[in-house]
Amino acid sequence: MKNISKESLGRIKKTVILILVLCLFSLIGFKIGGIVSKKQFSDDTIARRWVDGKYGQAFYGVHVFAKKSEDQGLDVFARISIGEENDYFHDCGKIGAATDIRDAREKFGKIEANNQEIAIGEYKLARSKLESHR
């Protein structure tokens, strides 16, 4: 076996230590990212559906979601994306309230669309109002 100089051993030690430190920081970053994403992007989605419009198939993306209200329950909101390749949307605002996520899904989890309106549970939005964006 070939003798390894002290200089080579020193470089190997430094490389191993550097790799271990990078792995440690990567793990810490991964954990912090997971914690932050859970806080900011918790699964508050109640329902999501793309519906056809007069400007094309699957032109409107209905997103129903909940946020904790100031009292004990949840406030339920809806936002409708207009088209896929842009940031245009119709903000329905608060469309109702629920006691918890199960209650919210029961009340607002069904999205239906016809020629006159889009219905999210009992909330109704006239197509004429939604499709007046152009």
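Modeller: One definition to begin with: helices (H or I, at least four residues) and strands (E, at least two) are DSSP runs, numbered from the N terminus. This is a predicted model, where local features need pLDDT of at least 70, side-chain atom pairs count only at pLDDT 80 or more, and totals for chains, interfaces and linings use all residues. Residues are numbered from 1 along each chain as its sequence is written, and side-chain values use heavy atoms, with hydrogens and water left out.

Biologist: Is Asp103 buried or exposed? And what about Lys107?

Modeller: Asp103 is buried, with a relative accessible area of 16%. Lys107 is partly exposed, at 41%. Buried means under 20% relative accessible area, exposed means over 50%, and partly exposed is in between (1.4 Å probe, protein chains only).

Biologist: Where does helix α2 lie?

Modeller: Helix α2 covers residues 101-108 and lies across β1, β2, β3 and β4. Contact means heavy atoms within 4.5 Å. The helix runs at about 120° to β4. For such angles, axes are lines fitted to C-alpha atoms, for helices over the stretch in contact, and angles run from 0 to 180 degrees between N-to-C directions.

Biologist: What do those 4 strands form?

Modeller: An open sheet in the order β1-β2-β3-β4, with antiparallel pairing. The edge strands are β1 (45-53) and β4 (89-98), and each pairs on one side only. Neighbouring strands of this sheet are turned by 20° against each other on average, direction ignored. Two strands pair if DSSP finds at least two bridges between them.

Biologist: How many bridges join β1 to β2?

Modeller: There are 7. In this pair, Trp50 stands opposite Gly61 in β2. The two strands form a hairpin with 2 residues between them.

Biologist: And how many join β2 to β3?

Modeller: Strand β2 (residues 56-68) and strand β3 (residues 74-82) are joined by 9 bridges and run antiparallel. Val62 stands opposite Ile80 in β3, and His63 is opposite Arg79. The hairpin that joins β2 to β3 goes through 5 residues.

Biologist: What about between β3 and β4? Which side chains there meet in a salt bridge?

Modeller: Asp75 and Lys94, at 3.0 Å, N to O. Asp75 lies in strand β3 and Lys94 in strand β4, so the pair ties together parts that are 19 residues apart in sequence. Asp75 counts as buried at 16% relative accessibility, whereas Lys94 is partly exposed at 49%.

Biologist: What does Gly93 touch?

Modeller: Gly93 lies in strand β4. Not counting residues up to four places away in sequence, Gly93 touches Val76, Phe77 and Ala78. Gly93 and Phe77 are 16 residues apart in sequence and 5.4 Å apart in space, C-alpha to C-alpha.

Biologist: New topic. What order does the sheet of 3 strands have?

Modeller: That open sheet has the order β5-β6-β7, again with antiparallel pairing. Its edge strands are β5 (111-113) and β7, each pairing on one side only. Neighbouring strands there are turned by 15° against each other on average, direction ignored.

Biologist: How are those strands joined?

Modeller: β5 and β6 are joined by 3 bridges. The bridge partner of Glu112 is Ala119 in β6. Strand β6 (residues 117-120) and strand β7 (residues 123-126) are joined by 4 bridges, and Ile118 stands opposite Leu125 in β7.

Biologist: What is in the turn between β6 and β7?

Modeller: The hairpin has 2 residues between its strands, and Gly121 in the turn has a positive phi of about 60°.

Biologist: Back to salt bridges. How many are there?

Modeller: The count comes to 4. One of them pairs Glu131 with Arg127, at 3.3 Å, N to O. Both Glu131 and Arg127 are buried.
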